[in-house]
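Please have the sequence and the coordinates open as you read.

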Amino acid sequence: MNYSKTVSLLKRSQNTGFTLVEMAVVVVIIGILMAMGLATANSYMQNTQRATTKDREDYVRDALVAYFTANHRLPCPDNGSNVGNTGRDGVEDRVVGGANPVVTSGCVTALGTVPYLTIGIAREKALDAYGNFITYRLDTTRNWHLTSTFPSQALPNPPNPFVPCSPPGIIGPPVAGLSVFSAPAVQQTNVAAVVLIAHGPNGLGAWNQGTTNASRNTLPAIAGEQGNTVAAPAAPAGYRAYVYSDSAAAPFDDVVQQMGLADIQMVMQKIGRRDICN
Ligand SMILES: [Ca+2]
Ligand SMILES: [Ca+2]
């Protein structure tokens, strides 16, 4: 092998090595950028899904207010019991022959899903952005209605006439209602007539779109989220609207909103009433 050929081969070898290093650096940089891009896209999607879920709860709240204004009471939760074995039907579930539509004796359950057909909204609006039903908890210790007598189980049309409470002109006592905690030891001051719970990305404890009435995801094993899946949460005795956390020890991804006594009072004032019958 002559000298010039050897030098040429060496140069080519060196050039090839340099190119490989360059390529390796480029590959690493592309990898980092892709990872950053995916993380950003993932974060964006999570925020969007959370916002969509909150919007749906707002929509349900508005529909409940409209329903209350038109019917002078809040609807019972949907627990699927009136449709055999074909999934949740969106119709509120009442005790047949009970003192309907009085909530305290008329609802099959205090904890179920949003009765979307009863309140006149699309089924999709009763779902969160993860495809599970939003849980609807109604305070059934109060009637949340404006009349004291009801002629039948059927929804009155037009609504029952107002019957004054006794004593008249009294806005229902604010001491009753459901409690909501924004942290384990921090109770919100508002007294809730309704709590809406979306069970978040993990979906634990949510009723899903399965084909049976009982189709429900696995219940959460974590204390914080457990409270949002039962009618009577253990201490703290109320529903949890904690801050989002993805910590392994105590994750919390539920999206929780309430409809308070103040919201009901506002509706009543709009329709010229000051009293709630209890
Ligand atoms: Ca039903
Ligand atoms: Ca959850």
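How many of the residues of β5 are buried? Seven of its seven residues are, and the strand is mostly covered. "Buried" here means that 20 or more other C-beta atoms lie within 10 Å of the residue's own; exposed means 12 or fewer, partly exposed is in between, and C-beta atoms are placed from the backbone.

1. Ground rules. This is a predicted model, in which local features need pLDDT of at least 70, side-chain atom pairs count only at pLDDT 80 or more, and totals for chains, interfaces and linings use all residues. Residues are numbered from 1 along each chain as its sequence is written, while chains are lettered from A and ligands numbered from 1 in the order in which they are written.

2. Overall make-up. The protein chain has four helices and seven strands, and their order along the sequence is α-α-β-β-β-β-β-α-β-β-α. Both are DSSP runs numbered from the N terminus: helices are H or I with at least four residues, strands are E with at least two. Of the chain's 278 residues, 35% count as buried. Among contacts between residues at least 6 apart in sequence, 68% join residues at least 24 apart; a contact requires C-beta atoms, placed from the backbone, within 7 Å.

3. The four-stranded sheet. Its strands run in the order β1-β2-β5-β7, forming an open sheet with antiparallel pairing. Strands count as paired if DSSP finds at least two bridges between them. At the edges are β1 (111-113) and β7, each pairing on one side only. On average, neighbouring strands of this sheet are turned by 25 degrees against each other, direction ignored; the axes are lines fitted to C-alpha atoms, for helices over the stretch in contact, and angles run from 0 to 180 degrees between N-to-C directions.

4. Bridges across that sheet. Four bridges then join β2 to β5, where tyrosine 136 stands opposite leucine 196. Finally, β5 and β7 pair over six bridges, again in the antiparallel sense. In that last pairing, isoleucine 197 stands opposite valine 256, and valine 194 has methionine 259 as its bridge partner.

5. Why is β7 largely enclosed by the rest of the structure? Six of its six residues are buried, so the strand is largely enclosed. Val255, Gln257 and Met259 point one way, Val256, Gln258 and Gly260 the other way, and all are buried. In a regular strand the side chains alternate between the two faces of the sheet.

6. The nonpolar core. The largest one has 39 residues, and those with the most contacts inside it are Leu64, Ala126, Ile134, Val180, Ala192, Val194 and Val195. Such a core is a set of buried Ala, Val, Leu, Ile, Met, Phe, Trp, Tyr and Cys residues joined through C-beta atoms within 7 Å. At least two residues each come from α1, β2 (135-138), β3, β5 (192-198) and β7 (255-260), and β5 gives the largest share, seven residues. Leucine 64 touches Leu74, Ile119, Val194 and Met259, leaving aside residues up to four places away in sequence.

7. An arginine to look at. Arginine 56 sits in helix α1 (residues 3-71). Is this residue buried or exposed? Arginine 56 is buried, because 22 other C-beta atoms lie within 10 Å. Not counting residues up to four places away in sequence, arginine 56 touches Lys125, Asp128 and Ile134. Leucine 127 is 71 residues from arginine 56 in sequence, yet their C-alpha atoms are 7.5 Å apart in space.

8. The three-stranded sheet. This open sheet has the order β4-β3-β6 and mixed pairing. Its edge strands are β4 (186-187) and β6 (239-240), each of which pairs on one side only. Strand β3 (residues 180-183) and β4 run antiparallel and are joined by two bridges; phenylalanine 181 has glutamine 187 in β4 as its bridge partner.

9. Proline 236 lies in the loop between α3 (223-226) and β6.

Notes. Contact = placed C-beta atoms within 7 Å.
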